[in-house]
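This report covers aromatic ring contacts and charges placed over rings. The structure comes first, then the contacts.

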Amino acid sequence: MDKKKDEKTKKDEQKAIDTQIKRINEKIDKLVKEIEKKRKRRCYLLDMHISPFTVEEIFKDLRTQYSDMNGEIDVIANSPGGDLDAAYNLACLFQKYGNKKLTFIVPRWAKSAATLLVCAGEEILMTPIAELGPLDPQITEINPLEERFEQFSPLHIQTTLEMIRNEFEKGNKNLAEGLLKRLQFPLTLGSFVKAHQIAEQYLVRLLKERMEKTEKLGCTPEEIAKKLTKEYADHGFCINITEAKKIGLNVQELEGELLNLVCDLHELLKHKEGLHRKKREADVMEIIEKLPPDILDKIKSKIEEHQQREAQR
């Protein structure tokens, strides 16, 4: 009886969350329409991680719902980034549909691959707290020695090689050789460096296609691409509106009523993401509860090992 009651409670909670998400989506649609009215053009809300699937989904939206935009479109980009190739493909798609005027609006962040995307328009409109990010691609690889995933930038390769060379020069041969053994196969390292060059080429092409033609860039596309791909020490570096202007991008700060509308939209997106997170956590807990005890013990053991490694860092 208690089990059935628990299941009913969980279903009721999920139903309540779904109802809240539906209401928030209605408010989001209303705000986007107000922004369209204010800007006098169609507006597309991109609030997701960028993947090849994203490209297909947005292409379908543009074909079926944006045939009336007359070559002018605003894109509200709220994204942590994602796949670089997909971001470039998506950028070209928006340039095609916004062939007369293309503007990107960033409420809070358009990091990593999303930074590449927002550089595809004539200008970028940012709130005072909006962030772009460096364009050094992040490589995820399995560390076979520690049985875990590691993420790094191609920029780290040169730093690592310099560190190994320094250890050799200091006479720490054993340490240097130990570090060399942990390196990837040379051809693999070369492919990682190529990924970095691809990011630079994509950015130059996009900037030349639109933003350079406004004659409002502070630097050449090549100089901007070099700064975004090579000159920041960390992938999470905060490139706010002041920093974006220093780089040479054509960015403007949102003000007045439009700023308020975009900030209100961001608050709704945050609330919606929180509800989706609750749903995901509930789904995961439901799966975990059904696992056999021996599997649960293994999972707990792996989590403890991970926590111990992190504590030793």
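## Aromatic cluster

One aromatic cluster is formed by Y44, Y66, F94 and F104. Rings of Phe, Tyr and Trp (its six-membered ring) pair if their centres lie within 6.5 Å; planes under 30 degrees apart count as stacked, over 60 as edge-to-face and the rest as tilted.

This is a predicted model, in which local features need pLDDT of at least 70 and side-chain atom pairs count only at pLDDT 80 or more, while totals for chains, interfaces and linings use all residues. Residues are numbered from 1 along each chain as its sequence is written, and side-chain values use heavy atoms, with hydrogens and water left out.

## Aromatic pairs

There are five aromatic pairs in the structure. One of them, Y44 with Y66, is tilted, at 5.5 Å centre to centre and 55° between the planes. This pair links distant parts of the chain, 22 residues apart: Y44 lies in strand 1 (residues 42-46), and Y66 in the loop between helix 2 (52-65) and strand 2 (72-77). Helices (H or I, at least four residues) and strands (E, at least two) are DSSP runs, numbered from the N terminus. Y44 and Y66 are both buried; buried means under 20% relative accessible area, exposed over 50%, and partly exposed in between (1.4 Å probe, protein chains only).

The Y232 and F237 rings have centres 4.6 Å apart and planes at 45°, so this pair is tilted. Y232 counts as buried because its relative accessibility is 10%, whereas F237, at 35% relative accessibility, counts as partly exposed.

## Charges over rings

The charged end of R42 sits over the Y66 ring, 4.1 Å from its centre. The charged end of R63 sits over the F59 ring, 5.0 Å from its centre. The criterion is NZ of Lys or CZ of Arg within 6 Å of the ring centre and within 35 degrees of the ring normal.
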